[in-house]
Amino acid sequence: MAITALKEWDLKPLLFGLLFLCFADALFTDIGLRLSLIEELNPLVQKLYDWNIVSYYGMKLLLPLLLILIYYRMKNRYWINPCILITVLIYFLVNIYHLVWISYGVYDGWFSLDSLI
């Protein structure tokens, strides 16, 4: 019953929330890398970031945009709706993680909020 309801659930608003979460993740990661507070663990993303920052942001936004296009073209959303929900949850948790390390960084004096802007 829950799976049937999930299949028919319209996730369009959640997809645009995912786009925002992906951009926020890219921005927080960029801040952490610029301030040498974190390291990018994905070697492909690190090479892209080092090569061209615009390409880095473009790639980070391209993936959710492709997911939005796929979602709008699909008629049977039986498998994609749970995947979207899981993806949004993961990006939400990643952004919470970013906010935690930024909060600790400000609290411990690693940097000020003014240096982030």
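## Basis and overall make-up

Helices (H or I, at least four residues) and strands (E, at least two) are DSSP runs, numbered from the N terminus. The expected span of a helix is 1.5 Å times one less than its number of residues. The structure is a predicted model, in which local features need pLDDT of at least 70 and side-chain atom pairs count only at pLDDT 80 or more, while totals for chains, interfaces and linings use all residues. Residues are numbered from 1 along each chain as its sequence is written, and side-chain values use heavy atoms, with hydrogens and water left out.

The protein has six helices and zero strands, and its elements run α-α-α-α-α-α from the N terminus on. Of its 117 residues, 29% count as buried, where buried means under 20% relative accessible area, exposed over 50%, and partly exposed in between (1.4 Å probe, protein chains only). The accessible surface comes to about 8100 Å², and carbon and sulfur atoms hold 70% of that surface. These areas come from the Shrake-Rupley method with a 1.4 Å probe; for residues, only the protein chains shown count as cover. Among contacts (heavy atoms within 4.5 Å) with a separation of 6 or more, 69% are between residues 24 or more positions apart.

## Helices H2 and H5

Helix H2 (residues 12-34) has 23 residues and reaches 33 Å from its first C-alpha to its last, close to the 33 Å expected at 1.5 Å a residue. Just after H2, Ser36 takes a positive phi of about 55°. Helix H5 (residues 80-108) has 29 residues, and its first and last C-alpha atoms are 42 Å apart, close to the expected 42 Å. The buried residues of H5 are Ile80, Asn81, Ile84, Val88, Asn95, His98, Trp101, Ile102 and Gly105. An α-helix has 3.6 residues a turn, so residues three or four places apart point the same way.

## The H2-H5 crossing

The axes of H2 and H5 come within 9 Å and cross at roughly 30°. Axes here are lines fitted to C-alpha atoms, for helices over the stretch in contact, with angles running from 0 to 180 degrees between N-to-C directions. H2 passes H5 in a left-handed crossing; a crossing is left-handed if the near helix is turned anticlockwise from the far one by less than a right angle, and right-handed if clockwise.

On the H2 side, the contact includes Leu14, Leu18, Cys22, Asp25, Phe28 and Gly32, and the H5 residues that H2 meets include Ile84, Val88, Tyr91, Asn95, His98 and Trp101. By class, the contact of H2 with H5 has 16 nonpolar, five polar and one charged residues. In this classification, Ala, Val, Leu, Ile, Met, Phe, Trp, Tyr, Cys and Pro count as nonpolar, Asp, Glu, Lys and Arg as charged, and the others, Gly among them, as polar.

Gly32 is found in helix H2 and counts as buried, at 0% relative accessibility. Leaving aside neighbours within four places in sequence, Gly32 is in contact with Leu37, Ile38 and Trp101. The C-alpha atoms of Gly32 and Trp101 are separated by 9.1 Å, although the two residues are 69 residues apart along the chain.

Asp25, also placed in helix H2, is buried with a relative accessible area of 7%. Not counting residues up to four places away in sequence, Asp25 touches Tyr56, Lys60, Tyr91, Val94, Asn95 and His98.

Helix H4 (residues 53-73) has 21 residues and reaches 31 Å from its first C-alpha to its last, close to the 30 Å expected. In H4, Tyr56, Tyr57, Lys60, Pro64, Ile68 and Tyr71 are buried, and the buried residues of H4 pack against H2, helix H3 (43-51) and H5. Ile70 lies in H4 and counts as partly exposed, at 42% relative accessibility. The C-alpha atoms of Ile70 and Ile80, 10 residues apart along the chain, are separated by 9.3 Å.

Glu40 lies in the loop between H2 and H3. Apart from its neighbours within four places in sequence, Glu40 is in contact with Thr29, Leu33, Val45 and Gln46. The C-alpha atoms of Glu40 and Asp30, 10 residues apart along the chain, are separated by 9.3 Å.
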